[in-house]
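Visitor: I have a structure to read and I am new to this. Could you walk me through some features, one residue or element at a time?

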Amino acid sequence: MDNESGLAMRSTGQLRPWQSIAITLIACAATTLLATPLLGYLDLANIVMLFLLTVLLVAVTLGRGAAVLAAVLNVLLFDIFFVPPRFSLAVENIQYLVTFAVMLLTGLIAGQLAGGLKLKAQEARQREQETRALYEVARQLAGTLALAQVVEAAKQFVRDQIGAEAAVLVPDEAGHLMPAVGGRTSCRCEPHLAQVAQSSGELVRTDEIAGSDYASLYLPLKASLRVRGVLALAVPHGALALPDDKVALAEALASLVAVAVERLHYVEVAQATQLGMASERLRSSILSALSHDLRTPLTALVGLADSFFLVKPPLPAPALENAQAIREQAERLAGLVGNLLDMARLNAGNVTLRREWQPLEEVVGASIKLLGGALDGHPVRVAIPADLPLLEFDAVLIERVFCNLLENAAKYSPAGSPIEIGAARAGEVVEIRVCDRGKGFPDAGAQGLFDMFVRGRNEAAGSGTGLGLAICRAIVEAHGGEIGVDNRPEGGACVRFTLPAGVPPVVEEEPA
Amino acid sequence: MNGKPKILLVEDEKLIRRFVRAAVEEEGCQVVEAETLARGLIEAGTTKPDLLVLDLGLPDGNGIDLIRDLRGWSDMPILILSARTQENDKIDALDAGADDYLTKPFGVGELQARVRALLRRRTRSGEGASPLVEFGAVRVDLSRRVVERAGQGVHLTPIEYRLLCALLAHPGKVLTQRALLRDVWGPSYVESSHYLRVYVGHLRQKLEDDPTQPRHFLTETSVGYRFQP
């Protein structure tokens, strides 16, 4: 409503000049008619006042142009109808020329002032109205829940306040600007110009193509962190280029839209994070339920097999041998289940590593202790330099790597032969190797060894599933390292893996 | 101590209860069974057992709550049974006051060894404490603050000595990283586990025969440490 009256006021002053000319003419004529009967009673000086009043009123109501017209017209009318000799342009007394000049000047100055004042008032009203509209759209944008709503609010604002068509472009996953969803638009965009606005963060304005249905104004949606897209404006067919004040208004709108788009982006990010966390929780609870359900019967199996040895009087030897076999098989099954569950956890992606800085030898010692009897009498020789820095890794997982490698080494090398573990700094990484004195890998260097269910050493009778090395690779790679195998020239296999060295925290030496 | 030591077994799986019972009865203990936490708490109050064997994964709640309840009025040894995937649960249980844990699946031999160790500690705590501790070739005189290895004096820094004392104070018990850091370095260090690891390494260098394969200062990976006399 305010908008309409604003436009109406503009039109009386500027857009419909014939109306104001007519009103001015009528006003001047009316003043003449009114003053004529008063000629006998009033001095000419006072009649001049009436004319001046008319000019002032015209100026105030109709603006500057009408005031100029009225000033000139009044001088003429006063001269013709009031200054003797009447009904002619001639003047008896030269003094009246001064009156005319003063009348004209006063009229022009008054008109100028009043007209300026009126224009200012108009501008102020216009600005107030725009501010209110901006406030309104800001309120709308603050309440939006989807990008489509943002786009719709922006379009509506541009249509009402600027008289143009708008489109909002947002980058897709590949970074290409695409029109955001939401309603139809007659605004067509020049992708190149939009891209320039997006990457430069500056407004792009091409008035040459204004009115061609193509957007002529591209405003970057600058949010606090980055440009979130582009607001494009197209003036309708046949219209002129946008005036500067409208461009400023569009810029204000663009910053509001930018804030709204960014807010929606963060809402989306938060939702995605929440979803990710929920599915992560679900996955880990399924895995731990599975782990519990599989381990419980295995625990019973191992324990019950063991309890045959408790029977008094002792069972005959063959029965005990069977019990021992059951126990060993159950333990192997437990190891297998552990491997499978670990693999499932690692394969599920985004494993959360519990990385801590620690000496490598500690986890080596723990692995050897954990394996215990499974090492089958193979002595383990550990050669870790004393000055090897602390490494950052998940102790449980790296322990699993060592256990798998030691187990393999024990399985594939002659009884009683030593297994060697070494480590050395190699630039940005620390290389760790586990070597045995067996026959080595038949096809060393082949990465296929690390695939699931591949067994490199085909002579093994029945034992192993080929999961061990696959798990080792998954764990090492999750730590940002690499793993590979080779055969030693003197015989035997070596598995080497690396861990990033990083920058270990300082442990202050205490005064001894 | 009169007669057989009493053991309370809280475990929901019947078959596991059966062999655990057989194993500890062979050790000369008397077993009271409970299937649920609620039942376990009642039995603990009425039978006053000498040792609690507790499965952490019970259907009716968290075993850690039971440990906290018990620690309010009892210092009976507590042995936890848990699945390997629950590192955090183990740490929480140990921090709450449990003494040791067994990872499923476990054998009868391991179970008996742990039970024996825990019961022995209980009976020993009544005897007059000696300032002398010996393990391997090492002899520690706590009253004179002297550490000897194979008859030779070993120099320990103040922190190393404090850490040694903290470990020696609870032979056989798993001490969590948090607990050791708090006792030796102070509460502001509980997150700086690398300090602990480095200093345990120092102790092993000075006191173990083979520091890479320690026999007395054992690592419980990602949980803590155990001193094994």
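Guide: Gladly. One caution: this is a predicted model. We start with a single residue. A:Leu147 sits in helix 6 of chain A, which covers residues 147-162.

Visitor: Is A:Leu147 buried, exposed or partly exposed?

Guide: Look at the relative accessible area. Buried means under 20%, and exposed means over 50%. A:Leu147 has 25%, so this leucine is partly exposed.

Visitor: Which residues does A:Leu147 contact, leaving aside neighbours within four places in sequence?

Guide: A:Val170, A:Ala180, A:Val261 and A:Leu264. Take A:Val261 from that list. A:Leu147 and A:Val261 are 114 residues apart along the chain, yet their C-alpha atoms are separated by 6.9 Å.

Visitor: Now a cysteine. Where does A:Cys187 lie?

Guide: In a loop of chain A, between strand 2 (177-179) and helix 7 (191-200). A:Cys187 has a relative accessible area of 7%, so this cysteine is buried.

Visitor: What does A:Cys187 touch, not counting residues up to four places away in sequence?

Guide: The list includes A:Glu165, A:Ala166 and A:Ala167. A:Asp213 and A:Ala215 are also among the residues touched.

Visitor: Can we try a residue inside a helix?

Guide: Take A:Thr31, in helix 2 (residues 17-35) of chain A. A:Thr31 is buried, at 10% relative accessible area. Beyond its neighbours within four places in sequence, A:Thr31 contacts A:Leu50, A:Phe51 and A:Thr54.

Visitor: How should I describe two helices that pack together?

Guide: Give the angle between their axes and the distance between the axes. Here is a case. Helix 5 (residues 95-142) and helix 8 (residues 244-307) of chain A pack at about 15 degrees, with axes 10 Å apart. So helix 5 of chain A is roughly parallel to helix 8 of chain A. The crossing of this pair is right-handed.

Visitor: Which residues of helix 5 of chain A meet helix 8 of chain A?

Guide: From helix 5 of chain A, they are A:Gln126, A:Glu130, A:Leu134, A:Val137, A:Ala138, A:Leu141 and A:Ala142. Their partners in helix 8 of chain A include A:Lys246, A:Leu249, A:Leu253 and A:Arg263. By class, the contact of helix 5 with helix 8 of chain A has eleven nonpolar, one polar and three charged residues.

Visitor: Which residues make the contact of helix 11 with helix 12 of chain A?

Guide: Helix 11 of chain A brings residues including A:Leu397, A:Arg400, A:Val401 and A:Asn404. Helix 12 of chain A brings A:Gly468, A:Leu469, A:Ile471, A:Cys472, A:Ile475 and A:Val476. The classes in this contact of helix 11 with helix 12 of chain A are nine nonpolar, three polar and one charged.

Visitor: How many disulfides are there over all chains?

Guide: The rule is a pair of cysteine sulfur atoms within 2.5 Å. The count is one. That disulfide joins A:Cys435 to A:Cys494, with S to S at 1.9 Å. A:Cys435 lies in strand 10 (residues 429-435) of chain A and A:Cys494 in strand 12 (residues 493-500) of chain A, so the pair ties together parts 59 residues apart in sequence.

Visitor: Is the disulfide of A:Cys435 and A:Cys494 left-handed or right-handed?

Guide: Check the torsion about the S-S bond. For A:Cys435 and A:Cys494 it is about 95 degrees, so the disulfide is right-handed. Both A:Cys435 and A:Cys494 are buried.

Visitor: And the other cysteines?

Guide: Two examples. A:Cys189 is partly exposed, with a relative accessible area of 22%. B:Cys29 has 4% and counts as buried.

Visitor: Last step: how do I sum up a whole chain?

Guide: Chain A has twelve helices and twelve strands. Of its 512 residues, 42% are buried. Chain B has eight helices and 14 strands. Of the 229 residues in chain B, 56% are buried.

Conventions:
Residues are numbered from 1 along each chain as its sequence is written. Chains are lettered from A and ligands numbered from 1 in the order in which they are written. This is a predicted model: local features need pLDDT of at least 70, side-chain atom pairs count only at pLDDT 80 or more; totals for chains, interfaces and linings use all residues. Side-chain values use heavy atoms; hydrogens and water are left out. Helices (H or I, at least four residues) and strands (E, at least two) are DSSP runs, numbered from the N terminus. Buried means under 20% relative accessible area, exposed over 50%, partly exposed in between (1.4 Å probe, protein chains only). Contact means heavy atoms within 4.5 Å. Ala, Val, Leu, Ile, Met, Phe, Trp, Tyr, Cys and Pro count as nonpolar, Asp, Glu, Lys and Arg as charged, and the others, Gly among them, as polar. Axes are lines fitted to C-alpha atoms, for helices over the stretch in contact, and angles run from 0 to 180 degrees between N-to-C directions. Angles under 35 degrees count as roughly parallel, over 145 as roughly antiparallel, 65 to 115 as roughly perpendicular and the rest as oblique. A crossing is left-handed if the near helix is turned anticlockwise from the far one by less than a right angle, and right-handed if clockwise.
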